[in-house]
Amino acid sequence: MENPITSKCCNHQPWFVLLVFFVFCIELFSFDYSGFTAKKSALVTVLDDNHGNVINTQSSLPHDFTEITNASVSPLPKTDEKGDLKVGTEIDSCVGRYIFVHDLPSRFNEDLVNNCRLLTRGTDKNMCPYLDNLGFGPEIENPEDVLMNNSWFLTNQFLLEVIFHNKMKRYECLTNDSSIASAIYVPFYAGLDMSLYLWGFNTTVRDSASLGLVKWLSEKPEWKRMWGRDHFLVAGRIAWDFRRQSDNETDWGSKLRFLPESKNMSMLSIESSSWNNDYAIPYPTCFHPSKDSEIFRWQDRMRRQNRQYLFSFAGAPRPEYQNSIRGKIIDQCLASNSQCKLLDCNYGTTNCDNPVNVMKVFQSSIFCLQPPGDSYTRRSIFDSILAGCIPVFFHPGTAYAQYIWHLPKNYTAYSVYLPVKDLSEWKINLNETLLRMPEDRILRLREEVIKLIPRVVYASSRSRSETLEDAFDLAVKGILDRIESVRVMIREGKDPSIGFADGDDYKYTFSTYGN
């Protein structure tokens, strides 16, 4: 006789199998796999040369909530008890991009701005008006159909640190939790501080703020995480101004960058030195668009310009510099039979601080000559790019070895290089050399120059670009990559001090860039 129980089971066997399978799946998906994939925290210790301490690179650090004055602070990602992102939480676009800003005592920034009338002693220039509009300066009221309305300002080229700080206040990935920050920004106005004491002050006075800054920083908990190698500051002067190599009263500048703590930080400035912890970012120009559409309109306008001059030069001779080639350039420009336009900036002949005068000349020129001046670099490089004027360089230290985050590595794609190591080597006829340039190459070069415009401007601090990255964005991206490379070294058990602040004797050599 058939068993009624087994008979019923057999008749419903498919449903029974499905039920067992369903229960098994529920158990499987609810199982916590974290037991198999538990993260092991690696502890790497590296001996730091300057401090003789052990660097703890363990990824899990105690949180230190330090208040900052910036308004825009991104919320932290939501996590569960184990620190993992909760299911359903959107991916945090700021991971790897968070920046913590030190709230420095006012003597290091705000007081310098409030005492702007004392800045640049030894000159007759009043710096106060240039601090208007978040460091962009007063808006240009009469652009003379050379510039676009509402986008151009009388910007002082030495106010980069103020402009950068104000843009950082609107950076989308600020955090007040330093333990999750990928970089620590130090808003010290080193250039403004120096301009107070450049003339008539001894080295003790000139170094006072720098010594006070590094003391303040080294006492903060953020410093001990990487002994400053995740810290960076921005200066509105050339890096050489902060590398006085002796305490002789006649020597120029401060010794900020030779202080032991400062060697562990990176500095962004308008011109870098030959040390590895200095990086160059563009001079502030006078063009500060508030919308992407303003940049697009300006680019189209530069493509349509009628360029009546083969080449131009805006500047003054430098007879005090023995090997300056500026005198040769000016002589050939004057002898070019109207092929060259000279904008003489010597002794106030022309107001070269007014962008209307400069842009009028550059917009009318195919090539813009960019010889070194008081130092390797000049703001005129970026003025020429804004005008769609192809820059002509004579020394690799003027651009190629400087603005590695902002200008293409392939320098022949956007510029002409006529290397002149020494005035005695000058064998160039500028008129003949530039006239031989094929028209199709000129068009390609100009288009590449015009494409660079968004990368070299500091857009309005009151708005954010929809699609373009400006000079600030690229600088932030560059320093974040730099600091991450240091973290990689630490994770691999390497000494992060190796090469970090070394001098590079080959940085500005001609052989690197050909002859």
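**A colleague's note on this model: cavities, core and charges**

1. Let's start inside. Phe188, Ala190, Asp193, Met194, Tyr197, Arg206, Ser210, Phe242 and Ser254 line the largest cavity. Two elements each supply two or more of these lining residues, namely α5 (190-197) and α6 (203-218). Of the elements, α5 contributes the most, with 4 residues. The volume of this largest cavity is about 50 Å³, and the structure has 2 cavities of 30 Å³ or more. Please keep in mind as you look around that this is a predicted model.

2. Now step back to the whole chain. The protein chain has 515 residues, and 50% of them count as buried. Its secondary structure comes to 16 helices and 12 strands. How many of the contacts between residues at least 6 apart in sequence join residues at least 24 apart? The share is 74%.

3. Next, the nonpolar core. The largest one has 100 residues, and Trp152, Phe164, Met168, Leu268, Trp298, Phe367 and Phe394 have the most contacts inside it. Helix α16 (residues 471-491) provides the largest share of this core, 7 residues.

4. Setting aside neighbours within four places in sequence, phenylalanine 164 is in contact with Tyr185, Phe232, Val234, Leu268, Ile281, Phe472, Ala475 and Val476. There is also a second, separate core of 20 residues, which includes Phe108, Val186, Trp223 and Ala239.

5. Which residues does valine 162 touch, leaving aside its neighbours within four places in sequence? Its contacts are Leu131, Leu134, Gly135, Tyr189 and Leu192.

6. On to the charged residues. The count of salt bridges comes to 19. One of them joins arginine 225 to aspartate 230, with 3.1 Å between the closest N and O atoms. Are these two residues buried or exposed? Arginine 225 and aspartate 230 are both buried.

7. A second salt bridge pairs aspartate 247 with arginine 244, and here the closest N and O atoms are 2.9 Å apart. The partners fall into separate classes of accessibility. Aspartate 247 has a relative accessible area of 46%, so it is partly exposed, whereas arginine 244 has 4% and is therefore buried, the cut-off being under 20%. These two residues also belong to a network of salt bridges that links Asp207, Arg244, Asp247 and Lys255.

8. Arginine 303 pairs with aspartate 300, the closest N and O atoms being 2.9 Å apart. Both residues lie in helix α9 (residues 292-303), and they are 3 residues apart, about one turn of the helix.

9. Finally, look at some backbone angles. Most residues other than glycine have a negative phi. Aspartate 145 is not a glycine, yet has a positive phi of about 65 degrees. This aspartate is in the loop between α3 (110-114) and α4 (160-168). With a relative accessible area of 69%, aspartate 145 is exposed.

10. Asparagine 337 makes a second case to check. The phi of this asparagine is also positive, near 55 degrees. Where is asparagine 337 found? Asparagine 337 is in the loop between α10 (326-334) and β9 (340-344). At 70% relative accessibility, asparagine 337 counts as exposed, because exposed means over 50%.

Key. Residues are numbered from 1 along each chain as its sequence is written. This is a predicted model: local features need pLDDT of at least 70, side-chain atom pairs count only at pLDDT 80 or more; totals for chains, interfaces and linings use all residues. Side-chain values use heavy atoms; hydrogens and water are left out. A nonpolar core is a set of buried Ala, Val, Leu, Ile, Met, Phe, Trp, Tyr and Cys residues joined through side-chain atoms within 4.5 Å. Buried means under 20% relative accessible area, exposed over 50%, partly exposed in between (1.4 Å probe, protein chains only). Contact means heavy atoms within 4.5 Å. A salt bridge is a side-chain nitrogen of Lys or Arg within 4 Å of a carboxyl oxygen of Asp or Glu. On a 1 Å grid over the protein atoms alone, a cavity is a set of points where a 1.4 Å probe fits but cannot get out, and a pocket is an open set with protein on both sides within 12 Å along at least five of seven lines; lining residues have an atom within 4 Å of a point. Grid points are joined across faces, edges and corners, and a volume is the space filled by probe spheres set on the points.
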